[in-house]
Amino acid sequence: MQPSDFSPNSAVDLGARKAAMEREAKQRAAESSGRSNPYAVNVDETNFQAQVLERSMAVPVVLAVLTGWSEQSEQVENTLDKLSAASGGNWFLAKVDGEASPQLVQALRVPTAPMIIVVVQGQLLPGPAGPVPEDQLTGWLVEAFAALKEQGALPPDHPGTLFGEDGPEPVEPVGEQAAADVRPIDAEAQESLERGDFDAAEAVYAKAVEADPKDTESRSKLAQVRLVRRLRTVDMNTARQAAADTPDNVDAQLTVADLDMYGGKFEDAFERLIATVKRTRDDDRNKVRAHLLELFDLLPPGDPRVTSARRRLTSALF
């Protein structure tokens, strides 16, 4: 088995982006309730480079091209979630919504969904397409990892096995955590996101933060919902061009910072807004500062990237 090269298509369809945003919001709501796979992420054209190609330089990524309405896709997704959750981080699962990202699917040359692709060190190894029973899918992945290890294609120190050297880690089945472990506000917000009501989800977390400003979990969830809501109607290419053409346009800089955060380019987002703080004064400066502080909430407390950015923000302000 030989990996194949990949050349991404950077164009982004507005409708596809909206669908991807909504899928991401639901995923984050599931994360908040402890019902998601910690080694999985939703990807589209905006974050494919960072979450799949760049990540694959350090750890194998299993790319699953799915369709939300398909029972076959759901079965494959559940199998992969279970396998990757049990791997303990030995590999990462990236999910592409084929309907939300048709141009990415076309660039990947995917004939049908569901389809599995293993990505290692930036290269793609096509796998099974169509419905695949759990035992066959597991067997194919085991053989693929072993073959890639033999070829020397895996990242350094990877054992070449599906579950790592010590076998699978015992985990609870994805989606079956006891309801008692789920915060009521997370369940309420998730219900709102499931029906596409971002206003209601935002209100749930805003109320929680107002009641307890030290509730960092709700503060983070509030920032997540607001980020996705802001980007639902944004065209990535137009936004980036506007920011490049008008560096003094505060709103344009804020939007591109949001895009960078959504794509996992956290330090780029922070640096852009810190630079904007340096160029602005009065109300504009306060607006940028407040936006940056909210973006900080998207990362865990004590994250070194936030700590560093806070120091640079302080220096820029004074």
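At what angle do helix α8 and α12 pack, and how far apart are their axes?

**Entry 1: α8 and α12.** I worked from a predicted model. I looked up helix α8, residues 216-231, and found that it packs with α12 at an angle of about 120 degrees. The axes of the two helices are 9 Å apart. I noted the crossing of α8 and α12 as left-handed. On the α8 side I listed Ala223, Arg226 and Arg230, which meet His291, Glu294 and Leu295 in α12. I sorted the residues of this contact into two nonpolar, one polar and three charged.

**Entry 2: α10 and α12.** I next examined helix α10, residues 250-262, against helix α12, residues 282-296. Their axes come within 11 Å and cross at roughly 10 degrees. That crossing makes α10 roughly parallel to α12. From α10, I found Val250, Asp251, Leu254, Ala257, Asp258 and Met261 in the contact. From α12, the contact is made by Asp284, Lys287, Val288, His291 and Leu295. I counted six nonpolar, one polar and four charged residues in the contact of α10 with α12.

**Entry 3: aspartate 260.** Is aspartate 260 buried or exposed? I recorded aspartate 260 as buried, because its relative accessible area is 5%, and buried means under 20%. Leaving aside residues up to four places away in sequence, I found that aspartate 260 touches Arg240, Lys265, Phe266, Asp268, Ala269 and Arg272.

Note on methods:
Residues are numbered from 1 along each chain as its sequence is written. This is a predicted model: local features need pLDDT of at least 70, side-chain atom pairs count only at pLDDT 80 or more; totals for chains, interfaces and linings use all residues. Side-chain values use heavy atoms; hydrogens and water are left out. Axes are lines fitted to C-alpha atoms, for helices over the stretch in contact, and angles run from 0 to 180 degrees between N-to-C directions. Helices (H or I, at least four residues) and strands (E, at least two) are DSSP runs, numbered from the N terminus. Angles under 35 degrees count as roughly parallel, over 145 as roughly antiparallel, 65 to 115 as roughly perpendicular and the rest as oblique. Contact means heavy atoms within 4.5 Å. Ala, Val, Leu, Ile, Met, Phe, Trp, Tyr, Cys and Pro count as nonpolar, Asp, Glu, Lys and Arg as charged, and the others, Gly among them, as polar. A crossing is left-handed if the near helix is turned anticlockwise from the far one by less than a right angle, and right-handed if clockwise. Buried means under 20% relative accessible area, exposed over 50%, partly exposed in between (1.4 Å probe, protein chains only).
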